[in-house]
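Let's take a friendly walk through a pocket and a ligand site. Have the model open as you read.

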Amino acid sequence: MTSTRDGALWYPYAQMRGLDCQYDVARAEGCTLELADGRKLIDAISSWWCVIHGYNHPELNAVLRQQVDRFAHVMLGGLSHEPARALANKLASIAPRGLNHVFFADSGSVGMEVAMKMAIQYHKNLGIQGRDRFLALYRAYHGDTTGVMSIGDPEEGMHHLFRGYLPEQLFVHPPVGFDNQDSLGRAIAELTAAFAQHHLSLAAMVVEPIMQGAGGFNFYPPEYLRVARSLCDQHGVPLVFDEVATGFGRTGKLFAAEHAGISPDILVLGKGLTAGYLGMSATLANDRIYEAFLGDGPSNAFMHGPTFMGHATAAAVALRSIEIFERDDYLKKIARIEAQLQREVLPIRGSGIKETRVLGAVGVIEVTSPSVHLGLQSFAADRGVWLRPFDRTVYTAPPYIISEVELLQITSVLRDWFALR
Ligand SMILES: *Cc1c(COP(=O)(O)O)cnc(C)c1O
């Protein structure tokens, strides 16, 4: 007998034997999850960082209903619609310079698959042979589908398990720490050497700019990206930014690329794009990439087209989400969150803590071993906070609408947990 009270439902990244999920959400409002048993939990992690405006947002609900009443979805193969066109134009207007072309898909992972396929086909369309490997970073996370798993950290469990099935990519070590000059120097030397040796086999270089998310929240300096940009230019290698996690303000700028003042050739957005309402991603490309797909017949056309691409309801919600972000000056809200996290998370001390760090609306406590946070999830839930520590990190990445009092409740739980250890 291996089933749980949840019956048929199989949970992600979880050992199902003995699993009994205690957190059954009945409704949610603002930053608060209301459980079926009456408990209320402040969501400290925005449902995997995507619910940027909080839950049950009246304007987003309204725009979703309006679109559903017109039509929920139509295929983008041969048909078109205003929500997809308007969102593409809006994204092109706010994205880092030059990213004028937008291809939609239905999740961050698939958006990244699209980026990889675009890079591969770009070279083929130009008649260049042999450029079919990706240069990626240790500690990277780019999603769970097969192609992008191959560019995730090669020493991490998931990659390891599927070795042999995955294409072999080239990895270099990222700088570790936003202000660590020694680490930056070493990483630049390694990157420069990798380009010198392997550039002719590279389809693209792929990174999460400034903040590596699910691979452990490594923050690294913008200088590294500027060096990567110039090496890519020098060797004719497209540069891909995975901003699925960092896009829409998470690191304190609208896009993390802005910290470095550069544009990639391809940029991928997801997570916060629809504010957590619906699955959607956008893969943006510049003219250089896009023009390699132009021709007189079908032969150079980009070979991809998910069933749900450009989903009209998702597009309508995403567009309104961006309008709210701009209208209500979310970058200012994020700066306030950052200042509060700096005051309240950076000073947290306790045994088992390796480092505390903050960037934008992300506060991270790196611990020496996963055993340090064993029991923290229920400790936090007993105090009205929803956290999901993983591996060597405990973090908060709250919805941007969070109040000072709610955020204080989150940081107090963290402080108290480590004070008791
Ligand atoms: C979450 C994430 C993905 C994958 O997005 P899904 O929507 O879960 O497929 C890809 N890249 C980064 C940086 C992410 O944080």
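## Ground rules

In this report, Ala, Val, Leu, Ile, Met, Phe, Trp, Tyr, Cys and Pro count as nonpolar, Asp, Glu, Lys and Arg as charged, and the others, Gly among them, as polar. The model is predicted, so local features need pLDDT of at least 70 and side-chain atom pairs pLDDT 80 or more, while totals for chains, interfaces and linings use all residues. Residues are numbered from 1 along each chain as its sequence is written, and side-chain values use heavy atoms, without hydrogens or water.

## The second largest pocket

By class, the lining of the second largest pocket holds 10 nonpolar, three polar and no charged residues. A pocket here is an open set of points on a 1 Å grid where a 1.4 Å probe fits, with protein on both sides within 12 Å along at least five of seven lines; lining residues have an atom within 4 Å of a point.

The space in this pocket is about 340 Å³. Of its 13 lining residues, Phe103, Met118, Tyr290, Phe293 and Phe302 are the closest to the centre. Strand S4 (101-105) gives the largest share of the lining, three residues.

## Around the ligand

Which residues surround the ligand? They are Trp49, Ser107, Gly108, Ser109, Tyr141, His142, Gly143, Glu208, Asp242, Val244, Ala245 and Lys271. This shell divides into four nonpolar, five polar and three charged residues.

A ligand oxygen atom lies 2.8 Å from a backbone N or O atom of Gly108. In the side chain of Asp242, an N or O atom is 2.7 Å from a ligand nitrogen atom.

Conventions
Points joined across faces, edges and corners; volume = space filled by probe spheres on them. Helix = DSSP H or I, 4+ residues; strand = E, 2+ residues; numbered from the N terminus. Near = heavy atom within 4 Å. Polar contact = N/O pair within 3.5 Å; in protein donor to acceptor, adjacent residues only side chain to side chain.
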